[in-house]
Amino acid sequence: MLLIETATSICSVALSFGDELVAFKESNVPNSHSAMLNVLIDELLKENGVSYGDIVAVALSIGPGSYTGLRIGSSTAKGLAYALSVPVITIDTLDILAFAAHETHNGCFVIAMIDARRMEVYSKIFDCDMNVVRGCRADVLCGFFYDDNIRLSSRYMVRLAREKFLKKDFADTAYFEPFYLKDFVAVHSKVKGLR
């Protein structure tokens, strides 16, 4: 299975076989998703001797997150799914982040959150067994403990994607859209010449 995560500044792809992570690649270069995503996928497949025809499904981090990153990830997933005639599996971005935190802080409640800009975070609360205590919403952040060793990455999507694959919980490739949570708000560019 091919796993794609583009909801934040990290652009990440991974390969899994069953419940096992085979390999992953990521780029931390900000705003490089459009230039890097397909390159990372191609390199990942070649380095691991996998052809596009070997992909049985494409799993995608669906959001919330960066509008642009989510659009790039979903466009790539749809294109691959159509070309390869395989299903798309969508996974909530905060579920992936909570899973990553749960691996490090097993037995703890987790508040998964990512920057929503405009002084807010997207957050979702999980109990120590990864059950959702409070669904996703945008919150103003007042205080928190932050473990900066936990990062959003496609490598944490394996188990979540596998569970959905076995249940045949597939997205409608033609009609699924990223989960933005909030409406897009255009701002004036601060870059000289783009105003």
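Mentor: Start with the element names. Helices are DSSP runs of at least four residues, strands are runs of at least two, and both are numbered from the N terminus. Keep in mind that this is a predicted model.

Trainee: Where does Lys168 lie, then?

Mentor: Lys168 sits in the segment after helix H4 (158-166). Its phi is near 55°, a positive value in a residue other than glycine.

Trainee: Is Lys168 buried or exposed?

Mentor: Exposed means over 50% relative accessible area. Lys168 has 63%, so it counts as exposed.

Trainee: Which place does Asn31 have?

Mentor: Asn31 is in the loop between strand S3 (20-27) and helix H1 (33-47). Its phi is positive, about 55°, although Asn31 is not a glycine. Asn31 is exposed, with a relative accessible area of 77%.

Trainee: What is the peptide bond from Gly63 to Pro64, cis or trans?

Mentor: That bond is cis, and omega is near 10°. Pro64 belongs to the loop between strand S4 (58-63) and helix H2 (67-84).

Trainee: Is Met157 buried or exposed?

Mentor: Buried means under 20%. Met157 is at 0% relative accessibility, so it counts as buried. Its place is in the loop between strand S8 (132-140) and H4.

Trainee: Which residues is Met157 in contact with?

Mentor: Set aside neighbours within four places in sequence. Met157 then contacts Leu3, Ile4, Glu5, Ala59, Leu60, Ser61, Ile91 and Ile96.

Trainee: How far apart in space are Met157 and Cys142?

Mentor: They are 29 Å apart, C-alpha to C-alpha, and 15 residues apart in sequence.

Technical notes: Residues numbered from 1 in each chain as written. Predicted model: local features only at pLDDT ≥ 70, side-chain atom pairs only at ≥ 80, totals over all residues. Heavy atoms only, no water. Buried < 20%, exposed > 50% of the residue type's maximum accessible area, 1.4 Å probe, protein only. Contact = heavy atoms within 4.5 Å.
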